[in-house]
Structure formats: structure tokens, C-alpha cells
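Hi,

Here is the structure I promised to pass on. Have a look at it first, and then read my notes below.

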Amino acid sequence: MGGVFHATKIISVFANHADNNGRPAPNGRVLPDKTLPPPTEGITDDAGFMLNLLDGKVFVRATAYRTRETNVTNGGLSPQPGGIAIPNRDILDTLLANGRIAQDEYDLHEINTGGNIVGMADTVSRGYELSLAVNPTRSLTGLLSFSYTDSKRSNLVPEFEGWYERESAFWHRTAGAGTLANAASGVSIDGNAAIIVSNMAVFRDALSFGYGKRPYKATATGRYTFVEGRLKGTFVGGGLRWQSKALIGREIVGVDAVGNTRFGGTYYGSDDFKADAFLGYRRKVAMGRRNAELTFQLNVTNLTDEAIVQPLRYNNFRSGYSRVLLNAPRQFKLSTILTF
């Protein structure tokens with residue numbers, strides 16, 4: 001739902017509201033009962049203004065927006081040592097070994113039997129976009145755009161507290177169960193319960209950090225078309241793409257009582273800058289009794305072959321990268337388009 005109001009020939013204002021929903025992630029399960037996650041739901045609101053200047057030769061559009069998505073699945077809670085499945089399993093092993101539960105109860109409360117256990121969260125993004133389109137002559141066109149986006153996750157793993165309260169009551173239903181120690185690790189049930197709580201706090205902290213976020217982005221494109229002479233129909237142009245530095249890690253300042261990392265300052269990667277170019281030719285051709293338009297175009301992306309390896313995360317010691325993204329190298333694409 002939305003609308004545009006043309007206040008004058010020069011100034012227009014607009015606003016839009018939309019909602020949507022999507023299917024749940026088929027490869028994840030959520031606590032407390034290891035069921036499929038609920039469908040995602042989203043709401044988007046945006047508003048802004050447009051300026052039509054110099055009889056359409058200059059066009060400005062400014063937009064502010066906010067989007068909210070609920071029931072988003074984020075990461076797995078089960079297999080990694082810093083998750084909750086391993087200490088949960090140690091607790092169940094201890095209870096089973098001491099005759100406090102039966103095997104069918106073990107199977108019911110064991111997390112990994114439910115497949116990939118994931119955490120739920122909400123994502124809220126706010127930002128603005130500004131674009132400037134210019135068409136000063138028949139031959140020359142250009143577009144400049146700039147955007148800022150701030151994305152944050154909230155309501156992180158809200159299902160955890162209900163699951164933990166229920167499971168804690170199950171673990172401690174027999175007298176003195178909390179002091180029983182696991183035969184392999186030597187950690188008591190109360191100790192593993194504390195590890196679960198601590199690991200969940202670390203998981204929530206990691207989700208809220210926003211690895212890879214690049215809040216600022218800008219692009220510039222231009223095109224020149226020959227409209228007369230021997231080169232009539234030929235066009236040439238290019239573009240520049242820039243993104244600000246990404247969040248790729250945090251300073252490690254120590255560990256807590258159960259061995260989880262405590263973080264300090266933020267580490268940033270490099271910004272991302274790439275150039276593209278294109279060259280083409282367009283002409284009208286006769287197709288029987290109808291006229292058609294034939295276009296040949298050569299596109300070159302990542303013209304200078306920049307940033308093939310993009311760092312995503314530092315390792316724990318900042319001596320190297322634990323995760324990288326392999327970007328596409330310089331690419332050439334030749335296309336032929338026939339339009340009727």
C-alpha cells in the first residue's frame with residue numbers, strides 16, 4: 001500500500017507500507033520441542049520526496065526506510081563445543097549413568113536427535129537512500145546513489161528461557177542430582193547447566209555483533225551515446241562501486257570462568273571499491289514488415305581485478321583470517337539482444 005502526491009511540477013512526496021511472510025526454514029528445528037520454526041514475517045515502511053528539475057534533466061530522489069523481519073533463524077545451537085547441545089548431552093549421560101532417568105527419557109531430551117537446532121531472532125534495518133539522475137544532453141546520462149543501512153538483531157533466541165526452565169526442572173527432579181559429576185569430563189550437572197547459560201550468552205553476543213556489515217554504499221554510473229555521425233548508435237560508459245569497511249572481528253581481552261571469550265574493541269576490514277565498463281552498438285533493422293532493434297554490448301565487471309579475496313573474519317589471534325569470500329575476478333560478457 002502506498003501513494004505519491006505531486007505537490008508541484010517540481011516536488012513530489014511518497015510513502016509506502018508493505019508486509020510479507022515466507023516459508024519456515026526446512027533444515028532447522030527450534031526449541032523447546034525441536035519443531036519446525038514458524039514462518040517469517042516482514043514489515044517495510046518507507047517515505048521520501050522527489051525533485052524534477054530543469055525540465056526533467058535532473059531528478060533527485062531521497063528515501064528513508066525501516067524494515068522488520070521476525071522469526072528469522074540464525075545459526076546452529078547444537079554441534080559446536082560452544083553450543084548448548086554438548087553440555088546438555090553430558091548432563092543426560094550423567095543422569096543415565098546414575099540411574100536417575102531411563103533411555104527413552106534421554107532420547108526425548110537429547111537435542112541433537114532433533115536435527116539442526118537453530119535460534120530465532122528478529123532483524124530490524126533502518127536507513128536512507130539518495131539518488132541523483134542527470135540527463136543534460138541527448139547523448140549523456142549519469143546516475144549517482146548513496147545509501148546508509150543500520151541492521152540490528154533483537155529478541156535473540158527467545159525460546160531458550162522456556163526450554164532451560166523446563167529442562168532444569170527435569171535435571172533436578174531427584175534429590176542431589178545437581179552435584180552428580182560426569183564420568184568423562186568430571187563436570188557436575190550444575191556445572192554443565194552453568195555452561196549452557198554462559199554459552200547462550202556468548203551465542204547471543206555473536207549474533208548481535210553483525211559480522212560483515214558495511215553500512216555505507218555508493219555507486220556512480222555514466223553513459224555516452226553517439227547520436228550522429230559515423231559512430232551513431234555506439235554507446236560507451238562505466239561505473240564505480242564503493243562499500244565502507246566491514247566488521248570482521250573483535251579484540252579478545254580474556255576468558256570468563258567457564259572458558260568463553262570476552263571481547264573488547266572492533267576490528268574492521270578494508271573498504272571495497274570496484275570499477276566496471278561497457279561498450280555497445282544499437283541500430284534498427286527490418287524484420288519483414290516490422291522494425292526491430294539490434295544491440296551488441298560488451299560488459300567488463302571488476303575492470304581492475306580488485307579484491308579477489310575478501311576477508312570476512314579474523315581468527316582468534318588476529319594473525320590471519322578464519323573466513324574469506326572469493327569474489328569474481330575480472331569478467332567479460334558479450335551479449336546480443338534483438339527487440340521487436
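**Salt bridges and a few other things**

Arginine 89 counts as partly exposed, because its relative accessibility is 33%. Keep in mind while you browse that this is a predicted model. Arginine 89 pairs up with aspartate 90 in a salt bridge, where the closest N and O atoms are 3.9 Å apart. Aspartate 90 comes out as buried, since its relative accessibility is 13% and the cut-off for buried is under 20%.

In general, side chains of opposite charge can pair when their charged atoms come close.

One is between the side chains of glutamate 105 and arginine 173, at 2.7 Å from N to O. Glutamate 105 sits in helix α2 (residues 103–109) and arginine 173 in the loop between α3 and α4, so this pair ties together parts that are 68 residues apart in sequence. Glutamate 105 is partly exposed, at 21% relative accessibility, and arginine 173 is partly exposed too, with a relative accessible area of 45%.

Another links arginine 250 to aspartate 205, with 2.8 Å between the closest N and O atoms. Arginine 250 belongs to strand β9 (residues 247–255) and aspartate 205 to helix α4, so here the parts tied together are 45 residues apart in sequence.

Now for the helices. The axes of α3 (residues 159–171) and α4 (residues 189–209) come within 12 Å and cross at roughly 175 degrees. That crossing angle is why α3 counts as roughly antiparallel to α4, as angles over 145 degrees do. If you want to click through the contacts, the α3 side includes Phe160, Trp163, Tyr164 and Trp171, and among the α4 residues they meet are Ile189, Ile196, Val197 and Met200.

Last, the surface. Which residues form a nonpolar patch there? Leu140, Tyr224, Val236, Leu279, Leu298, Phe332 and Leu334 do, and together they have about 670 Å² of accessible area. Of these, valine 236 lies in strand β8 (residues 234–243). Valine 236 counts as partly exposed because its relative accessibility is 37%.

Cheers

Notes: Residues are numbered from 1 along each chain as its sequence is written. This is a predicted model: local features need pLDDT of at least 70, side-chain atom pairs count only at pLDDT 80 or more; totals for chains, interfaces and linings use all residues. Side-chain values use heavy atoms; hydrogens and water are left out. Patches are made of residues with over 30% relative accessible area and no salt bridge: like charges are joined within 9 Å, nonpolar side chains (Val, Leu, Ile, Met, Phe, Trp, Tyr) within 5 Å. Accessible areas come from the Shrake-Rupley method with a 1.4 Å probe; for residues, only the protein chains shown count as cover. A salt bridge is a side-chain nitrogen of Lys or Arg within 4 Å of a carboxyl oxygen of Asp or Glu. Helices (H or I, at least four residues) and strands (E, at least two) are DSSP runs, numbered from the N terminus. Buried means under 20% relative accessible area, exposed over 50%, partly exposed in between (1.4 Å probe, protein chains only). Axes are lines fitted to C-alpha atoms, for helices over the stretch in contact, and angles run from 0 to 180 degrees between N-to-C directions. Angles under 35 degrees count as roughly parallel, over 145 as roughly antiparallel, 65 to 115 as roughly perpendicular and the rest as oblique. Contact means heavy atoms within 4.5 Å.
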